[in-house]
Each structure stands twice: as C-alpha cells, then as structure tokens.
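Q: Please take me through this model, starting with the terms used to describe it.

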Amino acid sequence: MRAARLIKMVLLLQARSSMTAAELARELEVSERTITRDAQALSEAGVPVYADRGRTGGYRLVGGYRTRLTGLARTEAEALFLSGVPGALRDMGLDDAASAARLKVSAALVPSLKDASRTAAQRFHLDAPAWFAEPGTPELLPAIAEAVWDDRRITARYRREKAGERTGEKADQKTDDVERELEPYGLVLKAGVWYVCARVTEPGAFRVYRIDRFTSVDPGSERFGRDETFDLPGFWAEQAAGFARSLLRATVVVRLTEAGARWLPHTVDPLSAREALAEAGPPDAEGRVTLTLPVESYDVAYGQFLSLGPEAEVLEPAELRKRFSDAAARTAAYYDTEG
C-alpha cells in the first residue's frame, strides 16, 4: 500500500513540477505528516525529492528526474486521453486504475504535451445514456467486470424476461430465477444499459445478458480458456441487429405522402423503413406510396404513425385503421370552429 503511494507521489511531482504538502495529502488521501515521512523515504531511496521551505514552498523533483514518452504528436496524446470513458470505468470499479494510468502517462509526457488531457476534455465528452432515461449502475456490475478482466467463470442467477415485457404489454407469465455457469467474454454499454456477452458452459453457445437482470454472481476460482477468435464488436453488432428484428412481430400497410416517406425512418426502425421504401411500388397520382412495414406491435405502431399526422394513412389491419379513424374524428371535433 505504501509502495503504491510513494510511486504515485513521484508521478504527481513529475506531472506538476511542484506541490505543497497539503496538495499532496489531498491527492493521496493521507495526512501532511505522512507526506513528510514519505518524502524522506523517497530521498533515502535515491529519489531526488527537494522540499522548498516557506509559505510558498512545496515539494519538487530535482536533477531532471523523469521518464518521458517520446514520438507522440499532440493529436496522438489527446486521442490517448479520449480512450477512457470515465462514467463506464467508474461503474465497473476501474476508476482508480484509470486515474493512475492517466497520471503515469501525464508524468511521462514531454512538457509541450502536458495539457493534452485538458485540451481533449474540452473538446469531447461522452454521455452514454439515452435521453429521458434515468441512468443506473447495476449492483453486480463490478463483480462481473472483474471476472471479465480475469477470464474467470461465474455462476450467475438472472431473471428471465417475462412475456410482454419488451413491448410494454402486461406480463401474465411468472418465471423464477435461472442459474447458469457462464464464461464472461466482454461488456457492452448501450444507451445507458449494461450487457455482458458470455459463453454458456453448457451447451457452449454465446449469449447476451442484461446485467441489471442478474440477482446473484459467484465468481468462483476457475479460469476459462478464452477463444482468441471471438470478436466482441462483431458479435454485438450481429446480436443487436437480430434483437431489433425480433421485436418486429406485426405488419401494417400504410400509404405515405412524400413528406411522410421522408420522415418515416425517423419515426420507426430506420433499417426496416428504408427496406420497405425500397420495395414499395411507384407513387400514385397524388404522389403517395404504399408499403408494407414490420412493426413491434399495433399499439406501438399507433403511437408512431400518430406523429406523422395526415402524412400517413394506415390501410391494414382493419382494427388499426379504425383506431386512426376514431382518433381523427376526435381530433377534428377539438378543432371544430363552430363547436
């Protein structure tokens, strides 16, 4: 513990050239008396720590005692500091490790690049959660993250998704927690939600689990042999595309004006909208196109197409068309100038 603190103290002095005992104590979370003792220990070990006395004094390194990273251009140094995602690292319990790594890099950079971390932070910020969503950190995320980094098998219990939960419909199917032995390969943060991509020990297939559905995790002591051909970004892209398509369980036939066709990809699943538009026939005499579109459910489609107003006319199914007809009649009544 003390050895790590002494190393961090040297790195701080390399990065900032001079610091008071109070500043060092605050950074290292110890007392100023401890800082005095640590400085003496470093000096006795041959590290040239010099103490300037007086009100404006402090500790500094003398004799050019530093290690530098050479060959880094400014844009490369700034990109290096962009590689960390502070919120995600904090959620995984790696904030301290990332902070120490950034400090080591800062201490080793040549003076002309010392401000790389500041200039990068001024120009880029990642806000992962979606709009109008309350971000939350799953309680078991740090334990799963540790298993991922250590290639350690876990025994996990999780809540299976209930019927209707995806579409917001009332779930009428109760399920108990399910236990699985997993080999956690990688973590993904998507729109503020954490997932783990893992291989199920039996039957050996890769699957994706939402971490906030885990109710318990036992890391155990056994490590697994990682398949080095596993491509996390590629696997996630394939699974995400398949998941998105699995949600589209119903079909509607809709007639769109030119404006409606232009706005459709911003209203429903963009890929499905583009495919449906590409397969649609030529416009009619009024410039409207008719297309068949997969949707999540009729309830979801009702809300989506309402936003298009008169630019969309639902033709099928009949029950959904009637809902729009009734909605249009009620809306017209609200704007009846004689009423």
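A: Two strands pair if DSSP finds at least two bridges between them. Helices (H or I, at least four residues) and strands (E, at least two) are DSSP runs, numbered from the N terminus.

Q: Where does the model come from, and how are residues numbered?
A: It is a predicted model, in which local features need pLDDT of at least 70 and side-chain atom pairs pLDDT 80 or more, while totals for chains, interfaces and linings use all residues. Numbering starts from 1 along each chain as its sequence is written, and side-chain values use heavy atoms, without hydrogens or water.

Q: How many helices and strands are in the protein chain?
A: The protein chain contains 13 helices and eleven strands.

Q: And what share of the residues is buried?
A: Of the 339 residues in the protein chain, 34% are buried; buried is under 20% relative accessible area, exposed over 50%, and partly exposed in between (1.4 Å probe, protein chains only).

Q: What about contacts between residues 24 or more positions apart?
A: Such pairs supply 65% of the chain's contacts with a separation of 6 or more, contact being heavy atoms within 4.5 Å.

Q: Which order do the strands take in the open sheet of five?
A: The order is β7-β6-β5-β4-β8, and the pairing is antiparallel. β7 (206–210) and β8 (214–218) stand at the edges with a single partner strand each, so one side of either strand has no neighbour in the sheet. On average, neighbouring strands of this sheet are turned by 45° against each other, direction ignored.

Q: How many bridges join β4 to its two partners?
A: Strand β4 (residues 154–159) pairs with strand β5 (residues 177–190) in the antiparallel sense over six bridges. β4 and β8 also run antiparallel, joined by four bridges.

Q: What does Arg 157 face on each side?
A: In β5, Glu 179 stands opposite Arg 157. In β8, the bridge partner of Arg 157 is Ser 216.

Q: And how do β5 and β6 pair?
A: β5 and strand β6 (residues 193–200) are antiparallel, with eight bridges between them. Among the facing residues, Glu 183 stands opposite Arg 199 in β6. Two residues lie between the strands of this hairpin, where Ala 191 has a positive phi near 50°.

Q: Which strands does α8 lie across?
A: α8 lies across β4, β5, β6 and β8, and runs at about 80° to β5. Axes are lines fitted to C-alpha atoms, for helices over the stretch in contact, with angles from 0 to 180 degrees between N-to-C directions.

Q: Which residues of α8 are buried?
A: In helix α8 (residues 141–150), they are Leu 141, Ile 144, Ala 145, Ala 147 and Val 148. Seen down the axis of α8, these residues fall within an arc of 160°, so they line one face of the helix; the arc is that of the directions from the helix axis to the C-beta atoms. Glu 146 and Trp 149, on the other side of α8, are exposed. Just after α8, Asp 151 has a positive phi of about 50°.

Q: Turning to the open sheet of three strands, what is its order?
A: The order is β1-β3-β2, with antiparallel pairing. β1 (18–19) and β2 (49–52) are at the edges, each with a single partner strand, so one side of each lacks a neighbour in the sheet. Helix α1 (residues 2–16) packs on this sheet, touching β1, β2 and β3, and its direction makes about 85° with that of β3.

Q: How many bridges link β1 and β3?
A: β1 and strand β3 (residues 58–61) pair antiparallel over two bridges; Ser 18 has Arg 60 in β3 as its bridge partner.

Q: Which residues of α1 are buried, and what follows the helix?
A: The buried residues of α1 include Leu 6, Met 9, Val 10 and Leu 13, along with Arg 5 and Gln 14. Ser 17 follows α1 and has a positive phi, near 65°.

Q: Lastly, where does Thr 267 lie?
A: Thr 267 is in the loop between α10 (258–263) and α11 (270–279). Thr 267 is buried, at a relative accessible area of 19%. Leaving aside neighbours within four places in sequence, Thr 267 is in contact with Gln 304, Ser 307 and Leu 308.
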